[in-house]
Amino acid sequence: MHKVVMDWAGRSLEIETGRLARQAAGSALVRYGDTVILATAQNSKKEIDRDYLPLFVEYREKFYAAGKIPGGFFKREGRPQTKEVLSCRLIDRPVRPLLPDHMRHEVQVVVTVLSADGENDSDILGIIGASTALCLSGVPFEGPIGAVRVGLIDDELVINPTFEQLESSKLNLVVAGTDDAVVMVEGGALELPEDVMQRALELGHGAIREVIALQKDLLSRVEIVPFVVPPKVFPEGLEERVRSMATDRIRDAVQPADGSDKHKRSDVIAAIREDARAALAEEFPEQEGAISDVVKKIEKEEMRKLILDRSVRSDGRSLDQVRPITCETSVLPRTHGSAVFTRGETQALVVATLGSSSDEQKIDALEGESWKSYMLHYNFPPFSVGEVRPFRGPGRREIGHGALAERSIQPVIPTDDVFPYTIRLVSDILESNGSSSMATVCAGSLALMDAGAPIKSAVAGVAMGLVKEGDRYAILTDILGVEDYLGDMDFKLAGTREGITAFQLDSKIGAIPTQLLSEALTQAKKARLHILDEMDASLAEPRPDLSAYAPRIVMIQVPTEKIGEIIGPGGRVIRKLQEETESSIDINDEGIVKISGQSQEGVDRARETIELMTKEPKIGEIYEGVVRSITDFGAFIEFLPNRDGLVHISELEYHRVRSVEDVVKMGESVKVKVIGIDDSGKVRLSRRALLPKPEGYVEEERRPSGGDRGGRGRGRPSGRPGGRPAAGRSGEKSRRR
């Protein structure tokens, strides 16, 4: 067993090998704080017939790691949750470009979370562990690599912030890279300026070097047997023959005059490939794959020459030019908000749906349960790229692209106290030729504004590319699919006019210097502002009113001691109120009440009722009440929901009343005024106080009386004999309801 330890950002980082999973080609146990992961790497001995690198990364969280038992019927871990899928992608993306592209031996990396301390995220440890395990396995991996998370707390950049610190951080940046440069970037921010982003990348890269040094220390103590993958070699003469018959035609195909249409260009390249295969079938039998590889190689060379030598791209644009944009809103009649964003040959339809708190998504994770009130789901149907393929559930790519778009818009979503709605955005990609996730961001922003959601500002996104040959390079704005496929970088950046909200970098050539990324940030900002201008021309701010089809929601605060009164015994009160007002009412432990319904009138009635139920009466206030009980000495009036007060018989009229029923009847509406509240909370009401005073009436002080309970004295008109007090009748001893 071998173990190395270092202090990293104030916590102990340990990497160990040789004790667990010893039959794997490479394994590493990584511990940071009390979070522990096991990473293994294994490769097959035989090649498989594939035209891509068969790398498979799995990331699994065990609920026992946090001392929890999974929910559900089976009480065991099931299919990967969203967090696990996103962590798989986070590990895969920096690893893949550092393995030989021509390698056809299956490589599987498995990361298992064994212990979770609730402070340190295990995804960073997964990248470190995967790097160590791959190096130990002997596969030709150009590592080791390191990874780090960078936060921005109180305007200070922080290495590896805890979960608690991230809640107040303006930045959540994950950087992975080699000693020399950055390989992968992922994260989100609260409208971060480009210069702060650059400083965060540089700080993160410095911390990465420390982790790489620790891995090298461990690797130096272990004997590693290299797994040799022979270099890719074409049959002698094949490449020359393909070049002689295909180069000129491919060069013409990638020129702007012929290559501005994606399918036309693809069809021409496919025809060239088939012609080469047919012409060389006898000379080079069973070499269809090699011929295709040479055609792809020539296409890549010619496209890159066009960009580097002439600063022109295959669709005729300059390097920093954005494709033509069109924006449409309110495209669907009955949805809450909808928008179509088209940029070149990329088109996204995004629909916004507003719901109540009952529509929130419950998240059961190692860190604990939480509720999600904003979500974005991304769909990529096969027709969007002119293909036929069976429909399945969302794959890793769809989950990853959806998470990136969701993170991009998150900073402008209004807080719950301002806009108490659950928000769901659904993006259906209708056409794709580069950066459909960034088109989703643009259309999603417009759909929210179309629904009337008071978002802070519009959000736009763009994908940046790179072509690099030695010291020569060109940074491309708004890349096409072919520029992503044959280029060296896919750097997606989203944000508002104020700054960056989300970012994702994938490198195709391994490490990319941070200075080059800084140039890409500056160029992307220019493009983002241009796109925002185009979006503003369609819809510059949220619509003043919510969609007529969206539910109406109001939120009020009530005293916590009144929650029980609103709910009632067994929930009877709240159920009755919901039925009467055709609304849905949710109350949390802090006394926040959310009332939702399709009818504004019903929601308002429910709100007014709850406000009255929780209102504390004050002397002098006037209410419209209902007679609920009549006694010999007065009437009990329900002047607030479930709240009664007594109108003494002496407070019904200015003249003497012989019988209460001579003035009021059961169920009758009566306007009353609060004239007294005793220490126990009993309320005395008066009907008389709201009547016109008779002419010449003089108020006289009442004599104390046992049954009067401190009521006001009766008066008499001037010149008439005084009457005796009307209080103190025998019937006052019992209060009948």
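The sulfur of cysteine 88 lies 20 Å from the closest cysteine sulfur, that of cysteine 135, which is too far for a bond. A disulfide is taken here as a pair of cysteine sulfur atoms within 2.5 Å, and by this rule the count comes to zero disulfides. Cysteine 442 is likewise in no disulfide, the nearest cysteine sulfur, in cysteine 327, being 7.4 Å away. Burial is judged by relative accessible area: buried means under 20%, exposed over 50%, and partly exposed in between, with a 1.4 Å probe and protein chains only. Cysteine 88 counts as buried because its relative accessibility is 1%, and cysteine 442 is buried at 0%.

The structure is predicted, so local features need pLDDT of at least 70 and side-chain atom pairs count only at pLDDT 80 or more, whereas totals for chains, interfaces and linings use all residues. Residues are numbered from 1 along each chain as its sequence is written, and side-chain values use heavy atoms, with hydrogens and water left out.

Helices (H or I, at least four residues) and strands (E, at least two) are DSSP runs numbered from the N terminus. Helix 10 covers residues 436–451, and its end C-alpha atoms are 22 Å apart, in agreement with the 22 Å that its 16 residues should span at 1.5 Å a residue; the expected span is 1.5 Å times one less than the number of residues. Just after helix 10 comes glycine 452, with a positive phi of about 90°.

Strand 16 (residues 374–379) pairs in the parallel sense with strand 17 (residues 422–431) over six bridges; pairing requires that DSSP find at least two bridges between two strands. Within this pair, tyrosine 374 stands opposite isoleucine 423 in strand 17. Together with helix 9 (residues 396–409), strands 16 and 17 make a left-handed β-α-β unit. For reference, a crossover is right-handed if, with the strands pointing away from the viewer, the path from the first strand over the helix to the second runs clockwise.

Turning to individual residues, glutamate 16 sits in strand 2 (residues 11–17) and counts as buried at 7% relative accessibility. Its side chain makes a polar contact of 2.5 Å with that of arginine 19. A polar contact is a pair of N or O atoms within 3.5 Å; within protein, one must be able to donate a hydrogen and the other to accept it, and residues adjacent in sequence count only if both atoms are side-chain atoms. With contact meaning heavy atoms within 4.5 Å, and residues up to four places away in sequence not counted, glutamate 16 touches Met1, His2, Lys3, Ser27, Ala28 and Leu29.

Aspartate 121 is found in the loop between strand 6 (105–115) and helix 2 (122–137), and at 15% relative accessibility this residue counts as buried. Neighbours within four places in sequence aside, aspartate 121 is in contact with Lys83, Arg149 and Phe163. The side chains of aspartate 121 and lysine 83 are joined by a polar contact of 3.3 Å. A polar atom of the aspartate 121 side chain also lies 3.2 Å from the backbone nitrogen of aspartate 123.

Finally, threonine 477 belongs to strand 19 (residues 472–477) and is buried, with a relative accessible area of 0%. Not counting residues up to four places away in sequence, threonine 477 touches residues including Arg313, Asp320, Met464 and Gln523.
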